[in-house]
Amino acid sequence: MIKKKIGISFTTTNFQYYWNWFTENDLQNDVELVELSFVKNNVADVFTCDSFILTGGVDVDPSLYNGNKIYNNQPSSYQIERDNFEKIIFEYAQTRSLPVLAICRGMQLVNVLHGGKLIQDLDELNITHRKDGDIDKQHEVNIEQKTLLSQITKSQKGNINSAHHQAINKNNLGENLLINAFAKDGTAEGMEFKNKTNKAFMLCVQWHPERIINKEENVFSINIKKRFLEETRNSTMKKLSIINPATEEIITEINEDNEESINKKFFLLKEGQPVWASISVDERIACIAKFHALLDENKDELANTLTSETGKPLQQSHNELNGARNRIKFFIDNSAKHLAEELITTEGSTKEKIVYEPLGIIANISAWNYPYLVGVNVFIPALIGGNAVFYKPSEYSTLTGINIQQLLYKSGVPENAFQIAVGRGTVGDLLLQLPLDGYFFTGSYKTGKYIAERVATKLVPCQLELGGKDPLYVMDDVADISKTAEAALEGVVYNNGQSCCAVERIYVHEKIYDQFVDSYTSQIKKMKIGSPVDASTEIGPLSRKEQVDFLLSQINDAVEKGATLLAGGKSISSKGYFIEPTVLTNVNHEMKIMKDESFGPVVGIQKVKDDDEALLLMQDTEYGLTAAIYSKNYERAEAMMKKINTGTVYWNCCDRVSATLPWSGRKHSGLGTTLSFQGIRAFVQPKAYHIRG
Ligand code: NAD
């Protein structure tokens with residue numbers, strides 16, 4: 001059974017009281033506590049919780065509510081990281097409609113986050129409210145009738161403990177908030193939502209129920225705790241298990257989005273997009289430049305997370321982060337010039353110009369195999385172009401999606417310009433129902449086709465980066481057969497073979513066929529398969545369990561139809577989704593391995609008699625992403641490259657993407673272009689100005 005989780009925000013003072021407030025009897029075997037710590041910055045854990053407690057502690061930084069910098073009893077320093085971290089918690093709870101109990105400083109923070117102000121010091125009222133050394137004050141409280149608090153405590157008045165010198169400014173209360181209890185001197189002692197429609201449980205108290213005298217019997221503690229536990233147990237979050245494909249262990253259980261939370265996020269983006277679009281391109285680029293730097297600063301942690309959830313060998317996770325930074329650098333350096341308005345006619349009575357405007361709110365539904373690379377192709381130019389982005393990371397790279405979101409926020413991209421949709425395909429489907437202004441998808445042909453059909457009637461741009469069955473042809477004149485085999489092998493097995501532009505089938509001229517196959521086979525047998533965190537590992541596990549059986553079925557189909565298995569062919573029966581790198585010869589186009597996308601470290605090598613036969617076979621596919629030719633002779637290769645119907649062609653290289661060149665697929669490999677200047681313009685729409693006068 002998955003336990004319900006109460007996230008308690010870490011405080012440097014008296015944290016143990018909050019933790020110990022919940023006894024074994026309270027938690028039974030179905031609820032557990034999670035420390036949410038601004039020190040550890042464990043944001044991903046926020047996404048696993050079913051309810052939250054915002055605790056007491058150091059004053060909220062006055063910059064958050066435009067307060068005075070100097071006031072009585074101010075702390076020697078603030079904890080802005082804590083304020084920001086708890087803002088993430090509170091906003092997460094609000095978009096997911098999860099229960100919140102905010103205590104003392106927690107109540108003050110909630111008011112500030114709703115736009116309210118604080119009394120920065122209670123001055124003479126401190127005699128009643130401020131702690132005396134280590135001892136809480138005690139005073140009376142009056143509860144407002146017909147409030148959530150009166151319902152919970154079933155009281156009109158009582159005695160509570162008190163340990164604060166700041167308070168809610170009731171004349172500057174945040175939006176949709178209501179004071180539900182007052183001290184005799186008029187100090188606000190509790191708060192809740194005024195209009196509770198579509199709002200989850202939220203109760204704020206200025207006192208400390210976790211350490212009040214007689215807390216086991218006191219209704220100002222026990223009733224609140226009981227109700228909060230009830231709300232926690234009643235919350236109905238659907239969970240997504242994040243599994244480590246190398247060990248099959250569950251890393252964590254994340255809350256999936258649902259229709260309600262997706263709608264809330266959409267309204268945030270709707271509000272935020274015009275504001276984001278109204279700042280200058282340079283300011284938006286400056287945020288992205290910070291994101292670029294943060295990717296580097298946090299590279300070890302980001303790479304570890306990526307490897308843990310996808311099984312990508314750790315060095316390749318680092319390579320991916322570097323590659324993503326290179327692409328981002330291209331967008332940083334080149335976007336302004338391609339987004340600037342263009343004066344077309346400056347003379348005569350009618351002037352003409354083109355202005356590039358954002359599309360609006362776009363969906364970025366993404367794949368797991370290179371979450372950074374395929375993600376930045378879309379969300380970076382989209383954000384720079386002034387769009388708000390609804391980013392749907394794959395369910396197999398959710399933690400990376402959360403990391404991307406947090407680093408973008410840290411870089412200055414506003415929360416209402418970038419939101420993530422967490423979950424499986426069903427959550428992606430919810431985005432298709434929204435009135436978004438563009439759909440940018442990376443993934444399989446099957447899902448891409450479905451999305452294109454679903455959004456077609458909206459008449460908004462729909463770009464698809466889909467799969468491939470990319471061929472590599474080795475001509476008889478290659479300079480070095482062994483090196484060519486090495487390059488082809490890398491093209492097949494890099495990222496455990498799970499690249500959209502991985503080499504998926506090899507054709508070799510009959511004159512050098514035997515030598516090539518020998519070299520390829522001897523090299524494949526030397527490859528190190530193992531744990532992706534081991535630095536010497538070249539091939540790790542596949543990311544998805546079902547892919548092992550899928551590849552075995554392709555291999556069996558080929559063998560049944562007469563193929564020869566020269567290496568591999570089996571899954572590896574330890575824990576984890578491992579399969580041996582595999583090579584098959586005597587293959588033909590009757591076999592699935594030569595026609596259907598494999599997406600794993602397996603390949604068929606077919607002998608051809610000449611370039612014409614190679615061309616015919618290379619073209620015999622529904623896909624059209626890339627094709628590679630190895631030869632000494634450029635003219636001979638170019639003659640073939642011109643005829644091949646793919647978005648990318650390679651001479652003496654393969655399985656590579658460049659930020660400066662357009663990335664596009666033809667036929668079932670997709671629609672539209674990312675990267676290069678065309679991938680900058682893909683996220684804006686031209687407006688033609690005819691200016692007379
Ligand atoms: P997928 O199609 O299974 O999933 C892609 C995304 O779509 C995921 O986020 C998924 O949750 C979402 N999704 C699934 N069903 C949906 C629905 N009904 N509505 C909306 N969203 C839905 O693909 P995948 O397994 O994540 O990725 C592998 C595929 O992606 C391979 O075919 C690969 O070749 C391709 N790919 C292509 C490129 C490229 O640049 N051309 C790059 C990377 C991957």
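Analyst: A residue is near a molecule if one of its heavy atoms lies within 4 Å of that molecule. This is a predicted model, in which local features need pLDDT of at least 70, side-chain atom pairs count only at pLDDT 80 or more, and totals for chains, interfaces and linings use all residues. Residues are numbered from 1 along each chain as its sequence is written, and side-chain values use heavy atoms, with hydrogens and water left out.

User: Which residues come nearest to the ligand?

Analyst: There are 31 residues around the ligand. Those that come nearest are E395, S444, T447, L466 and E597.

User: How far is a nitrogen atom of the ligand from a polar backbone atom of L466?

Analyst: A polar contact is a pair of N or O atoms within 3.5 Å. An oxygen atom of the ligand lies 2.9 Å from a polar side-chain atom of K392, and one lies 3.1 Å from a backbone N or O atom of G443. For the nitrogen atom of the ligand and the backbone of L466, the distance is 2.7 Å.

User: How much of the ligand does the protein bury?

Analyst: Accessible areas come from the Shrake-Rupley method with a 1.4 Å probe. Taken alone, the ligand exposes 850 Å². The share of this area that the protein buries is 91%.

User: How do the residues lining the second largest pocket divide into nonpolar, polar and charged?

Analyst: Asp, Glu, Lys and Arg count as charged, Ala, Val, Leu, Ile, Met, Phe, Trp, Tyr, Cys and Pro as nonpolar, and the others, Gly among them, as polar. On that basis the lining holds 17 nonpolar, 15 polar and nine charged residues.

Key: A polar contact is a pair of N or O atoms within 3.5 Å; within protein, one must be able to donate a hydrogen and the other to accept it, and residues adjacent in sequence count only if both atoms are side-chain atoms.
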